[in-house]
Amino acid sequence: MRLLGLMFAPGFFSNAPVHTALLVGGGAAVVSAVVGVFTVMRGQSFAGHALADVSSAGGAASYLLGLNPLVGFLGMAALAAGGMEWADVRDARERDLLTGVMLGAGLGLTALFLYFAAVTGSATGAAITVLFGSMFTIPASIVPVALAIAVAALAAIAAIYRPLLVSAVSEDLAQAQGTRVRLIGLVHGSALAFAVALSAMTVGAILSTALLIGPAAAGLRLADRPGRSLAIAVLTGLIATWGGILLAYDSYYWTPGRGWPVSFFIVVLVFLAYLLAGLLARVRLRGVRLAAAQPSGCGQH
Amino acid sequence: MFASFMANAWIVATMVAIVAGIVGFFVVLRRAAFAAHVLPLGAFPGAAAASVLGGNELLGIVAFSALGVLGISQLQRWERREVATALWLAVALALGTLFLSMTRRYSQGVYALLFGEVFGIRSALIAPVAVLGAIAITATLVLFRPLLLDSLSPELGEAAGTGRGRIELAFLGVLALCTATALPVVGALMVFSLLVGPASAARFLSDRPLVALTLSVVLSLATVWSAIALSYLSNWPVGFFVGVLGGVCYATGRLRQRGGPVPAH
């Protein structure tokens, strides 16, 4: 009991903002991890990050107009994802450039909206909230919408699981199998927009990349089979997010009166998990090599 | 617009535009837009750290740019380039969030660091920016041939004896220098627009490297100068104009290319 008391600072389980943060953060972590595995496999990490940053323009706009921030983040992310799929640029260099230019223009809009918000005085500190997130100030009214979005994104991925996997490994193979590659890309793009909007709300637009890429990279490093990679990614994301929330809550008691940022703890945990996955993968590889080097029954190789 | 308090803005922004135009040419060629986005953004925690510790802001930025180069190249040993880049971004920004939470007086500074503050440039900044910029340009020119060769045809570069890893490291180093030059002026998020927009348009306009490089610098200068002028007239943030004009550059280049002859890939 003493240990539990040390781990969970008083009031952790009865605190309403903490409940909201656990729910929305958990949802964001699971969706980001699942979508992230496919995003990394498809080589779209940059696009994922760009979507998050561009969605911050929507977040800033909703602060300005007094809208629900989720509407802003989601609307802008969907717009950008749709635009990128619509442009349908195949050449890798061209896609890189288009993503970059879109990212620049989106950030320009963010700058403008944040400037308006500061001038009209409608939101102080909007820049920090939009870009770096503020998990404990999420309104409880958002929970049902946020969870619905999470479920929708997961359902979309589940519906196209097989073809998505094949096209992530080889687009040509998927095409040969009769998969409509563009449709798969479009569905994945929408799920990506959902995931990014959710995590932009929680850990902030800039850091949502950590939830998208970190757990996925850990999962892909540790396991060869996609199912296992997905499971590891989801677990990593959930543990890091909930652990981060717990540590941030506890930190109010370490340094009296001033909490440490949630995003910091989440990213640190994600990165530690990634390093650990690398270590485990290396140890296992060595084990496999040792086993292969052992003289076996047939003798010659 | 040309009053004496604006002199610093014009001088420093011009230097930044030239450096960004040159380095941006290689960013586009090497498909390194993500790295060009992440190095500046990952250097901004350096400024926040300097504010916490009471050190020199530019020194913090230079230190974190260097850390970024090391971090990305270390992670690249384990991961694909873009995944490594994304992971570094997460780590650097997490540190940034921590530093920011330690200083309360910094909220205004954050906006300036991310989106740029051209009009408040102190004269003391001119000399360091000029030195850093000069080093960046010199390094790019010295590396010009191996960089070009490696970017256009890795196999040829390999055959000519330029190691891939070393070239990539050197390129990231140049990018970091450019970051440190431009970040205090146009902001962490806008360095990137300046690196990618003009250079991508230049590539559409000419196939010859030297012509494209020159065009890239010219377009970069035009972008920065018009952004400052528009920002001065409208009072809107300069970052907005840099971002949008970068997009306009790219779109114009693309439309022109579609109308004219298509370069063979």
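**Reading chain B and a helix pair**

Mentor: Of the 265 residues in chain B, 56% count as buried (20 or more other C-beta atoms, placed from the backbone, within 10 Å of a residue's own). This is a predicted model, where local features need pLDDT of at least 70, side-chain atom pairs count only at pLDDT 80 or more, and totals for chains, interfaces and linings use all residues. Residues are numbered from 1 along each chain as its sequence is written, while chains are lettered from A and ligands numbered from 1 in the order written.

Trainee: How many helices and strands does chain B have?
Mentor: Chain B has 12 helices and 0 strands, counting DSSP runs numbered from the N terminus (H or I, at least four residues, for helices; E, at least two, for strands).

Trainee: How do I describe two packed helices?
Mentor: You give the angle between their axes and the distance between the axes. Here, the axes of H7(A) (residues 143–159) and H10(A) (residues 181–202) come within 9 Å and cross at roughly 155°. Those axes are lines fitted to C-alpha atoms over the stretch in contact, with angles from 0 to 180 degrees between N-to-C directions. The pair is therefore roughly antiparallel (over 145 degrees).

Trainee: Which residues of H7(A) and H10(A) meet?
Mentor: Among them are A:Ala146 and A:Ile149 in H7(A), and A:Val187 and A:Phe194 in H10(A); contact means C-beta atoms, placed from the backbone, within 7 Å.

Trainee: And between the chains, how many residues of chain B are in contact with chain A?
Mentor: 40 residues of chain B are in contact with 43 residues of chain A. H4(B) gives the most to that side of chain B, with 12 residues.

How values were computed. Two residues are in contact if their C-beta atoms, placed from the backbone, lie within 7 Å. Angles under 35 degrees count as roughly parallel, over 145 as roughly antiparallel, 65 to 115 as roughly perpendicular and the rest as oblique. A residue is buried if 20 or more other C-beta atoms lie within 10 Å of its own, exposed if 12 or fewer, and partly exposed in between; C-beta atoms are placed from the backbone.
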